[in-house]
Amino acid sequence: MIRPPVVELTAENTDQVVVKVTNGTLLMFPSYLEHSVDANVNAEERISVSFNVMFSSFAEQLSKPLW
């Protein structure tokens with residue numbers, strides 16, 4: 001990746017974003033985005049659901065797939 005030297009981290013040039021979510025929140029982002037979650041350290045059960053979405057006519061109208 002070509003990236004100019006970073007003198008000071010700002011919201012516009014950071015390479016990490018922390019998103020606080022609450023129960024019932026749906027967070028969507030592209031699959032190629034590097035992502036992770038912290039370990040569940042409490043006794044409560046955490047359920048995460050993941051899925052892939054492809055919009056109809058996506059390849060024809062927006063972007064051809066890379067595969």
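Helices are taken as DSSP runs of H or I with at least four residues, and strands as E runs of at least two. On this basis, one helix and zero strands are assigned in the protein. The model under discussion is predicted.

The protein contains 67 residues, of which buried residues account for 0%. Its accessible surface amounts to about 7600 Å², and carbon and sulfur atoms contribute 56% of this area.

A nonpolar patch is found on the surface, made up of Val-17, Val-19, Val-21, Leu-27, Phe-29, Tyr-32 and Leu-33. Together, these residues present about 730 Å² of accessible area. Leu-27, one of the patch members, is located in the segment before helix H1, which spans 58–61. The relative accessible area of Leu-27 is 45%, and the residue is therefore classed as partly exposed, since that class lies between the 20% limit for buried residues and the 50% limit for exposed ones.

Ser-50 is likewise placed in the segment before H1. With a relative accessibility of 71%, Ser-50 is counted as exposed, because the exposed class begins over 50%.

Methods
Residues are numbered from 1 along each chain as its sequence is written. This is a predicted model: local features need pLDDT of at least 70, side-chain atom pairs count only at pLDDT 80 or more; totals for chains, interfaces and linings use all residues. Side-chain values use heavy atoms; hydrogens and water are left out. Patches are made of residues with over 30% relative accessible area and no salt bridge: like charges are joined within 9 Å, nonpolar side chains (Val, Leu, Ile, Met, Phe, Trp, Tyr) within 5 Å. Accessible areas come from the Shrake-Rupley method with a 1.4 Å probe; for residues, only the protein chains shown count as cover. A salt bridge is a side-chain nitrogen of Lys or Arg within 4 Å of a carboxyl oxygen of Asp or Glu. Buried means under 20% relative accessible area, exposed over 50%, partly exposed in between (1.4 Å probe, protein chains only).
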